[in-house]
Amino acid sequence: MEKHVHSIDNEKVKDIDILQVDTIYEMATLFKMFADPTRLKIMNVLLNNELNVCEIAYLLNMTHSAISHQLATLKMVNLVKSRKSGKEVYYSLADEHISSIIAIGKDHVLED
């Protein structure tokens, strides 16, 4: 029986950046947030608008409690931020990275 010999091209692999395990897990958590259709819908309506729970629920035809639950999850992983104005709480995307991820995902699924 022949033994298969593996070879490694050291020039090819020497400069490859290997991410730390904790970074990989954080990235996996991030992408899980984008894998849920409800959370993605919420982030999509927040792309260019700061909205309260009632407005998001109205736009997505969902209950306030369902929206609030998902917003809490998104806020916990720093994808959305909130701002209080009187008794109202307004939500927006945490930063431009989230907008970019959504735009890239949309471009990818819509390309021919």
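Although a compact globule of 112 residues would have a radius of gyration near 13 Å, the protein chain has 20 Å (taken over C-alpha atoms, with the globule rule being 2.2 Å times the number of residues to the power 0.38). This is a predicted model, in which local features need pLDDT of at least 70 and side-chain atom pairs count only at pLDDT 80 or more, while totals for chains, interfaces and linings use all residues. Residues are numbered from 1 along each chain as its sequence is written, and side-chain values use heavy atoms, with hydrogens and water left out.

**Overall form**
- Along the principal axes, the C-alpha atoms of the protein chain fill a box of roughly 75 × 35 × 25 Å.
- Of the 112 residues in the protein chain, 23% count as buried, which is to say under 20% relative accessible area with a 1.4 Å probe, protein chains only.

**Order of elements**
- The protein chain holds six helices and three strands (DSSP runs, H or I of at least four residues for helices and E of at least two for strands, numbered from the N terminus), and from the N terminus on they run α-α-α-β-α-α-β-β-α.

**Helix α3**
- In α3, which spans residues 37–45, the residues R39, I42, M43 and V45 are buried.
- Seen down the axis of α3, these buried residues fall within an arc of 165° (that of the directions from the helix axis to the C-beta atoms), so they line one face of the helix.
- The buried residues of α3 pack against several elements, including α2 (21–35), α5 (64–76) and α6 (96–110), where contact means heavy atoms within 4.5 Å.

Key. Buried means under 20% relative accessible area, exposed over 50%, partly exposed in between (1.4 Å probe, protein chains only).
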